[in-house]
Amino acid sequence: MAVNRRTGVAPVLDIEKILQEAQHRWLRPTEICEILRNYHKFCIAPEPPNKPTSGSLFLFDRKVLRYFRRDGHNWRKKKDGKTVKEAHEKLKAGSIDVLHCYYAHGEDKEGFQRRSYWMLEGALMHIVLVHYREVKVLIHSLIRLTFIFVSS
């Protein structure tokens, strides 16, 4: 988390506001870090949800619940047809890598996505934040429509 240059203190984020914002947008790395660092203030889900809706957030302990990704949704698969296709990247807060992020896209609903985050920091890497969102796929749809129109 960035430190204020004047005061030398890291700003405290409003977790309630962050949770409200999660209903309408993806969270920023600093917001995700704030939730993960304060995971003890939240309920850790004992089992995966069944078909969670857009805007849903869940915390899991990977040491306790290994299969937290089994949520009832149908996610895009790799070429083998069995394994869920997930993209991975490391996210930065400031200029420092702080988070793992895994993305999965819906098979049935093209715009439905799941993002799983956990800290790179060893002491907290067992806590996972999973966020579900329905995103607009307007640009992708327009490209496909343009392709169909041009090739017809």
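Trainee: What makes two strands count as a pair here?

Mentor: Two strands pair if DSSP finds at least two bridges between them, the strands themselves being DSSP runs of E with at least two residues and the helices runs of H or I with at least four, numbered from the N terminus. This is a predicted model, in which local features need pLDDT of at least 70 and side-chain atom pairs count only at pLDDT 80 or more, while totals for chains, interfaces and linings use all residues. Residues are numbered from 1 along each chain as its sequence is written, and side-chain values use heavy atoms, with hydrogens and water left out.

Trainee: Which strands form the open sheet, and in what order?

Mentor: The 5 strands are arranged as β1-β5-β4-β3-β2 with antiparallel pairing. β1 (57–61) and β2 (86–93) are called edge strands because, with a pair defined by at least two bridges, each pairs on one side only.

Trainee: How do you know that β3 and β4 pair?

Mentor: Strand β3 (residues 96–105) and strand β4 (residues 112–119) are joined in the antiparallel sense over 7 bridges, and the definition asks for at least two, so they count as a pair.

Trainee: Which strands does helix α2 lie across?

Mentor: Helix α2 (residues 29–37) lies across β1, β2, β3, β4 and β5 (127–134), and runs at about 60° to β4; the angle is taken between N-to-C directions on a scale from 0 to 180 degrees, using lines fitted to C-alpha atoms, for helices over the stretch in contact, where contact means heavy atoms within 4.5 Å.
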